[in-house]
2 protein chains.
Amino acid sequence: MNANLITAAVLVIGDEILSGRTKDKNVGFIADYLTQVGIDLKEVRIVSDDMDAIVEAVNDLRARWTYVFTTGGIGPTHDDITADAIAAAFGVGIDHDPRAMAILEEHYAKMEGAEFNEARKRMARIPFTADLIKNKVSSAPGFRLENVHVMAGVPSVMQAMMDEIIPTLKTNSQIESETVDTGLGEGLVAGALSDLQKAHPLVVIGSYPYIKDEIFATNIVLRSRDKAALKAAVDAVHALVADLKGQKQAQF
Amino acid sequence: MNANLITAAVLVIGDEILSGRTKDKNVGFIADYLTQVGIDLKEVRIVSDDMDAIVEAVNDLRARWTYVFTTGGIGPTHDDITADAIAAAFGVGIDHDPRAMAILEEHYAKMEGAEFNEARKRMARIPFTADLIKNKVSSAPGFRLENVHVMAGVPSVMQAMMDEIIPTLKTNSQIESETVDTGLGEGLVAGALSDLQKAHPLVVIGSYPYIKDEIFATNIVLRSRDKAALKAAVDAVHALVADLKGQKQAQF
């Protein structure tokens, strides 16, 4: 792999995803966002609310990829153990952070009848040396420790945190992408597509079958950091599809 | 962890998920299905169409959990490398499987104008010693090698394969689950919930915040294999919520 490539992993933390009770929407959002800005998402893991599982996954992913984004487990309840797990993964201490305490204190002071109780103070527990990640939706901050960004699991809060994080990241030159809907079954285009991939090494060509109205068809997705190379490959796919459709008609 | 617990992992294989182009729906479906039949899904990974990445993930997951389910990468195109990766992970050979060839031959013979070409024959490449997983939607089979079940990425095909696989699996006694929508912010219930979890060790109590109409509220989900223990914990949560709502009113 290109050592200069800026890469990322997402770590989703939460029993509710693994039980099927909650359907994750964060991975798709983060994947789209990273692709848009030119960061290559290379791996996703979903683990349960278990200290050892989180520590192991964080340490594995942060050593492999440029950036890690975690979602979930930073709320006020007993099953929110992400902050402690991150501290353990980095071997640093953790305590109520004065900056986070100030933000939350101010927030609850404004809410009539809301006490800044012990449980809510848990949300101010931040590993030592971490930077806070504020957000415009909830007051409870996420945090960044080296290349690991720790975010909330609630989608609107996570999305607001991503908006804060993205401008701080290095990115690759952007990938351009084009999709050709062939209207043909994958088995019909596959052979020629393999040759086409070999002839266009600067373009990554993917083939994605789908079923619509009980017809098997295929989208061809072409991706490249090189515009001219992408155009040449897209033209070649269109020519291939026209050719195959011609043959198909001739067969009937 | 209980050594007798029947566990599972899902491995999603596909660049299209990591780029955000396709939003995965298979993890949620498999999670629901496994929970329903009483198998604990413990981990999910999503990796790219890369031989080393797939081999490493498969070997890691099959050593950790009772069952592994993979989705994606078993079609006819050059980027479909899952079958080869599984063979490599197990250190077995791979070739066109006579059983799979027979199924596909019959299928394409019935389709007017469809040739059983080289690309389509790729879908009959099955690692040695594997059992086929047939399905009622497409003719191309998945396969099982030891505890690893290799399925298509197209949701309707994957779902049909899961229907074939599930009756062959060992399951745990089923988990019962109850949800209490507290209508209260997580910070308000968190403290008492921690005590409640300690008092009900046979029940796993999760707290899931959500935002609705700009109000922060919380669902409490209780899970147990013991019906009586579950009922006692659910009653305790209802009592707690009533108590907290009483206090809240008293404050205003």
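This is a predicted model: local features need pLDDT of at least 70, side-chain atom pairs count only at pLDDT 80 or more; totals for chains, interfaces and linings use all residues.
Let me start with how the two copies relate. Rotate chain B by 180°, with 0.0 Å of shift along the axis, and it superposes on chain A. The RMSD is 0.0 Å. The copies are thus related as by a two-fold rotation axis. Which residue of chain B comes closest to that axis? It is B:Arg45, with its C-alpha at 2.2 Å. Both copies use the same surface: 98% of the contact residues of chain B recur in chain A.

Now the interface itself. Chain A gives 50 residues to the contact, and chain B gives 50 residues. Look at the side of chain B that touches chain A. Several elements each give two or more residues there. The helices are α1 (15-18), α2 (26-37), α6 (118-122), α8 (186-199) and α9 (227-251). The strands are β2 (40-47) and β10 (204-212). What is the make-up of that side? It divides into 17 nonpolar, 19 polar and 14 charged residues.

Stay with β2 for a moment. Strand β2 of chain A, residues 40-47, pairs with β2(B). The sense is antiparallel, over five bridges. To find one bridge on screen, take A:Ile46. Its partner in β2(B) is B:Val44.

Next, a sheet within chain B. Three strands form an open sheet, in the order β9-β11-β10. The pairing is antiparallel. β9 (176-181) and β10 stand at the edges of this sheet in chain B. Each has a single partner strand, so one side of each is left without a neighbour in the sheet. On average, neighbouring strands are turned by 20° against each other, direction ignored.

How many bridges join β9(B) to β11(B)? Six, and the two strands run antiparallel. β11 of chain B covers residues 215-224. As a landmark, B:Glu176 stands opposite B:Ser224 in β11(B). A helix lies across this sheet too. α8(B) lies across β10 and β11 of chain B, and runs at about 175° to β10(B). Recall that α8 and β10 of chain B also give residues to the side that touches chain A.

On to helix packing. Two pairs here.

The pair in chain B is α2(B) with α7, residues 155-165. Their axes come within 11 Å and cross at roughly 20°. Angles under 35 degrees count as roughly parallel. α2(B) and α7(B) are therefore roughly parallel to each other. The crossing is right-handed. From α2(B), the residues that meet α7(B) are B:Asn26, B:Phe29, B:Ile30 and B:Tyr33. From α7(B), they are B:Pro155, B:Met158, B:Gln159 and B:Met162. That contact divides into six nonpolar residues, two polar and no charged.

The pair in chain A is α3, residues 51-64, with α4, residues 82-90. Here the axes come within 9 Å and cross at roughly 50°. That angle makes α3(A) oblique to α4(A). This crossing is right-handed as well. α3(A) brings A:Met51, A:Ile54, A:Val55, A:Val58 and A:Asn59. α4(A) brings A:Thr82, A:Ala85, A:Ile86, A:Ala88 and A:Ala89. The residues of this contact divide into eight nonpolar, two polar and no charged.

To wrap up, keep the symmetry in view: a rotation of 180° superposes chain B on chain A. And β2 of chain A pairs with β2(B) in the antiparallel sense.

Technical notes: Residues are numbered from 1 along each chain as its sequence is written. Chains are lettered from A and ligands numbered from 1 in the order in which they are written. Axes are lines fitted to C-alpha atoms, for helices over the stretch in contact, and angles run from 0 to 180 degrees between N-to-C directions. Helices (H or I, at least four residues) and strands (E, at least two) are DSSP runs, numbered from the N terminus. Angles under 35 degrees count as roughly parallel, over 145 as roughly antiparallel, 65 to 115 as roughly perpendicular and the rest as oblique. A crossing is left-handed if the near helix is turned anticlockwise from the far one by less than a right angle, and right-handed if clockwise. Two residues are in contact if their C-beta atoms, placed from the backbone, lie within 7 Å. Ala, Val, Leu, Ile, Met, Phe, Trp, Tyr, Cys and Pro count as nonpolar, Asp, Glu, Lys and Arg as charged, and the others, Gly among them, as polar. Two strands pair if DSSP finds at least two bridges between them. Copies are superposed by least squares on the C-alpha atoms of residues with pLDDT of at least 70 in both.
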